[in-house]
Amino acid sequence: MLFLIIAIGVLLIIVATSKFKVHPFLSLLLGTLFVGFASGMSFDLIVESINSGFGNLLMSIGLVIVFGTIIGVILEKAGAAYRMAEVVLRIVGPKHPQLAMSIIGFIVSIPVFCDSGFIILNSLRKALSKRAKVSMASMSVALATGLYATHTLVPPTPGPIAAAGNIGADAYLGTVIFIGFIVAVPATLVGYLWAIKVATKIEVPEDVSATGEEFDYDKVVASFGKMPSTFSAFLPILLPILLIAAGSILTVAEVDNGVAAFFVFLGKPVIALLVGVIAALPLLPAFNEETLNGWVGQALKDAAPILLITGVGGSFGTVIRNSGVEEIIQNWEIGGMFTGALFLLIPFIIAAALKTAQGSSTTALVITSSLVAPMLPVMGIEGAVPLALVVMAVGAGAMTVSHVNDSYFWVVTQFTGMKVNDAYKAQTMATLLQGIVTIVVTMILWMILV
């Protein structure tokens, strides 16, 4: 009965979000209250669970999300994303334009939301497509799937950070980032292959009307204006990742001296991301109200919905945990059916169902991680690598699939001019394959590493 109550609570969230267009924050809160009351929890315990779940999760990852969002907005507005794209194009060369777009998307979406990343790079996509004489649709799918892979798998993107926080992996963020990179590579590769094998056969209006300055590669690059240096463009992303990695290594190695303690401090995710913000400040064109107030203010606005959804997701998970579900799971036969790598299918299927039903990858990541969190200690899943792989399984489901109820689907189709049925063939099928490949790779890594 308790599992039925939780299932109905999740269904309420999905229906409220997708059918009645209620904001995910309110939908999650509704589902949380329903599970609390229906499971027979006392009024005091419901209130305590909501408050503690919300506060504890934001206490551990709230500032990390804010700092990551600030870095993303600065990179976006200062032209650093263009510089990163230009560097990749220089390295890959014009003979492999789709591969270049996939790699560009892979890098840019680590700090920048995939929707924003596609819009930012759209003019470059069109110009490079025209110069290389390749299908506009194939370039769109290559860029979209590259952006999508790291958006759902690699912190400091808010979704994976929230999932890590929900399952108690926020202390192992360095491992989550490292494994996220590994898993995101085949996810990006399958998107690239789908782009060159299938999307090249799809014709969009831009293919037959690709004339004018918006398709002139040199003029598009020149229109970016003065771009930051390669070093300063990549530094705000790479420095926090390197600091978190160094801190994780020193912690595992149990090095005990003053220098090591300092680097462990710098490797704490909240400090590492703050250092990333500081490293991004030289990218500002001027230190004035527009940048220090306006740009940062925009980042805070972008972060606010993510923080609220993440926080109430923590409340949802805490209410489920306090409803008595852990005691039931201890006697549940799930251990006999879904041991080891097979367990990863549970978060994958839940996240895929949520993603397909309500459209938001971030919401799917938050809800799914909240649901599976009580199962992990009972199943003996703990430690850096196992928890990181659970985050990957949730992320794999959260990318399966992007279709008409997903805002990203419409960003890709509208900026490309693809018909909806063609977009299903190109974008939706590509994300389906990305999700399947990602969960398979995650399960293989589990069998090797755990």
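**Close-up views of salt bridges and a cavity**

**View 1. Arginine 83 and glutamate 86 in helix α4.** Both residues belong to helix α4 (residues 80–92) and stand 3 residues apart, about one turn of the helix. Helices here are DSSP runs of H or I with at least four residues, numbered from the N terminus. The model is predicted, with pLDDT of at least 70 required for local features and 80 or more for side-chain atom pairs, while totals for chains, interfaces and linings use all residues. Residues are numbered from 1 along each chain as its sequence is written, and side-chain values use heavy atoms, leaving out hydrogens and water. Arginine 83 and glutamate 86 form a salt bridge, with 2.8 Å between the closest N and O atoms. The term salt bridge stands for a side-chain nitrogen of Lys or Arg within 4 Å of a carboxyl oxygen of Asp or Glu. Arginine 83 is buried because its relative accessibility is 17%, and glutamate 86 is buried at 19% (buried is under 20% relative accessible area, exposed over 50%, partly exposed in between; 1.4 Å probe, protein chains only).

**View 2. Glutamate 86 and arginine 90 in helix α4.** A salt bridge joins the side chains of glutamate 86 and arginine 90, at 2.8 Å from N to O. The two residues are 4 residues apart in helix α4, about one turn of the helix. Arginine 90 has a relative accessible area of 54% and is therefore exposed. Salt bridges link Arg83, Glu86 and Arg90 in a network.

**View 3. Lysine 355 and aspartate 406.** The closest N and O atoms of this salt bridge are 2.9 Å apart. Lysine 355 is in helix α17 (residues 345–358) and aspartate 406 is in the loop between α20 (384–398) and α21 (407–416), so the pair ties together parts that are 51 residues apart in sequence. Both lysine 355 and aspartate 406 are buried. The structure holds 3 salt bridges.

View 4. A cavity is a set of points on a 1 Å grid over the protein atoms alone where a 1.4 Å probe fits but cannot get out; lining residues have an atom within 4 Å of a point. Grid points are joined across faces, edges and corners, and the volume is the space filled by probe spheres set on the points. The count is 1 cavity of 30 Å³ or more, and the largest cavity has a volume of about 70 Å³. Its lining includes Ile71, Pro111, Leu173 and Leu273. Helix α12 (230–253) and helix α9 (173–197) each supply at least two lining residues; α12 gives the largest share, 5 residues. The lining has 12 nonpolar residues, no polar and no charged (nonpolar: Ala, Val, Leu, Ile, Met, Phe, Trp, Tyr, Cys and Pro; charged: Asp, Glu, Lys and Arg; polar: the others, Gly among them).

Methods: On a 1 Å grid over the protein atoms alone, a cavity is a set of points where a 1.4 Å probe fits but cannot get out, and a pocket is an open set with protein on both sides within 12 Å along at least five of seven lines; lining residues have an atom within 4 Å of a point.
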